[in-house]
Amino acid sequence: MIKDNFFRNSLILTSSNFITGVLKFLFAIILSHKLGDAGIGLYSLIMPIYDFFAVIVCGGMITAISKECSYYFNKNDIGNLHKSVKVSLVFDLIWSVIMALILFSFSPFICKFIIKDMRAMYSLWFICPAIIFVALSAILKGYFYGISKVLTPSVIDIFEKAMRMIVILLIISILNLKETTKTVSVTYLALSLGELCSFILLFLFYKYNKKHFSKPYSILQSGRNLLYSILKISLPLCINGVLTTGLFTASTLMLPQRLVYSGISHENALALIGKFSGMSMTIIFFPFIAVTSMSTMLIPHISENIAKKNYVLLKERFLEVINISFILGTATMFICLSIGQNLGQLFFKRADLAPFIKFASLCAPFIYTSTSTFGILNGLGKQKIVLRNSLISAFLELLLIYLLAAIPKLNIYGYGISLILTSITTLILNLYEIRKNYYIHISFYKIVIYLLLGLLTYLSLNILNTLLHNVNFYYKNFLLVILGFSMYIFLSSLLNSSKKNAAKL
């Protein structure tokens with residue numbers, strides 16, 4: 001039941017994100033089939049480089065532009081609204097071109113000494129244009145968010161993801177590409193083409209939308225002042241993003257080196273990364289869409305209720321969101337533990353993913369819940385705390401990967417252990433900060449009950465999986481997943497209904 005605007009808006013946003021999430025999920029499946037284990041591993045090592053440069057060129061710009069555009073839009077100051085967009089586009093164009101040239105020039109160095117795989121060279125060159133397009137698109141997305149027309153960038157994002165998949169399939173099929181270097185390079189070429197397409201559409205819609213505004217009569221500020229106001233907001237966010245993304249990038253790039261140190265060949269290390277991170281984690285994080293949607297909706301919801309001094313309502317909301325996140329994460333874990341073998345075959349047509357899916361699922365309850373606590377802290381204006389806890393988590397993950405992944409008996413499972421320990425640490429740190437102002441009771445008795453309900457769900461799915469052995473494989477497993485989530489959520493809701501306003505985790 002949708003009880004209020006918060007959950008109604010979260011449901012709407014979840015529905016929108018669900019489409020994008022499905023496309024990303026299908027994209028991961030297509031990549032696994034076209035690139036293979038080693039190709040997925042190499043793809044996973046290049047993506048953090050792209051993410052790092054993307055954060056440098058547009059980190060915080062969406063937030064800053066949306067805030068400034070919202071301010072001028074609500075004042076009906078159309079002149080400064082569009083001038084802010086113009087000066088930001090010019091600034092980001094210059095800045096992103098500089099960063100793209102730096103990446104292009106240092107690609108040989110990055111391949112040789114950081115990724116330690118020269119096959120990544122062409123892929124790095126292909127993402128250089130994407131850095132420019134994603135930076136300019138961030139400005140236009142911020143504009144649409146600021147004037148409350150979020151549907152436009154959402155639809156374009158969906159179109160871009162679909163087009164990227166089509167381009168990859170067409171190029172690989174037409175050219176009959178088999179070699180890892182070429183298939184991975186084509187994947188990043190498609191990324192650049194997708195970002196170009198996204199920018200063109202955003203710009204066309206921006207020009208079209210701009211025509212519907214009346215001519216400005218307000219006094220225009222200087223471009224320098226407008227840019228200063230935007231950078232004053234975006235720069236701290238960019239620095240935060242660069243620090244945290246940089247550390248997580250270092251962890252990702254360190255992983256294959258530590259696996260090689262454990263006695264695994266470089267090619268097999270890439271294959272293990274592809275199976276664990278590129279495939280298994282994709283399955284684990286598919287239901288995560290609901291948690292990220294709630295976390296997004298939390299920020300304006302918290303600000304609104306703080307202004308109204310609805311502190312009791314806020315406390316109840318925090319408990320509800322944390323409780324829902326934990327339930328969803330725990331349900332995901334027990335479903336993966338029960339039918340992990342089936343899920344690997346269902347989505348990736350592989351029989352060797354079950355151990356990775358089952359092990360990776362152990363982190364789901366903690367990652368799901370810690371993400372919702374980050375949303376709470378952001379809504380409370382605790383950005384410094386968020387940065388501190390994110391850095392602690394990133395440093396801890398870096399250390400654990402360095403120590404554990406090099407142990408021969410652990411290898412890739414050392415990475416899984418690092419995910420579990422860092423997510424638990426982050427959750428504890430975030431809950432500690434939230435409880436300073438809003439007391440949230442942690443009921444270990446209730447946690448045990450949730451685990452017992454999960455065990456019941458696990459056993460039920462195992463029995464059904466055996467009984468339905470003659471049913472079509474695809475129908476059976478989709479049914480098992482739906483029944484697993486439905487059963488666990490229903491039993492959990494019965495538990496919570498005994499105390500309507502007490503969501504004790």
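User: Quick one to start: are F25 and F347 buried or exposed?

Analyst: Both are buried, where buried means under 20% relative accessible area, exposed over 50% and partly exposed in between, with a 1.4 Å probe and protein chains only. Bear in mind that this is a predicted model, where local features need pLDDT of at least 70, side-chain atom pairs count only at pLDDT 80 or more, and totals for chains, interfaces and linings use all residues. Residues are numbered from 1 along each chain as its sequence is written, and side-chain values use heavy atoms, with hydrogens and water left out.

User: Okay, how many aromatic pairs does the structure hold?

Analyst: There are 21. Rings of Phe, Tyr and Trp (its six-membered ring) pair if their centres lie within 6.5 Å; planes under 30 degrees apart count as stacked, over 60 as edge-to-face and the rest as tilted. F25 and F347 make an edge-to-face pair, because their ring centres are 4.8 Å apart and the planes sit at 80°.

User: Which helices do F25 and F347 lie in?

Analyst: F25 is in helix α1 and F347 in helix α10 (residues 311-348), so this pair ties together parts 322 residues apart in sequence. Helices here are DSSP runs (H or I, at least four residues), numbered from the N terminus.

User: What about F276 and Y415, how are their rings arranged?

Analyst: Edge-to-face again, at 5.7 Å centre to centre with 70° between the planes. F276 belongs to helix α8 (residues 266-284) and Y415 to helix α14 (residues 412-437), so parts 139 residues apart in sequence are tied together. F276 and Y415 are buried too.

User: Switching topic: which residues have the most contacts inside the largest nonpolar core?

Analyst: I115, L343 and I412, in a core of 130 residues. A nonpolar core is a set of buried Ala, Val, Leu, Ile, Met, Phe, Trp, Tyr and Cys residues joined through side-chain atoms within 4.5 Å. Helix α1 (residues 5-58) gives the largest share, 21 residues.

User: And what is I115 in contact with?

Analyst: Leaving aside neighbours within four places in sequence, I115 is in contact with L45, I46, I49, I110, A120, L124 and L253. Contact means heavy atoms within 4.5 Å.

Conventions
Helices (H or I, at least four residues) and strands (E, at least two) are DSSP runs, numbered from the N terminus.
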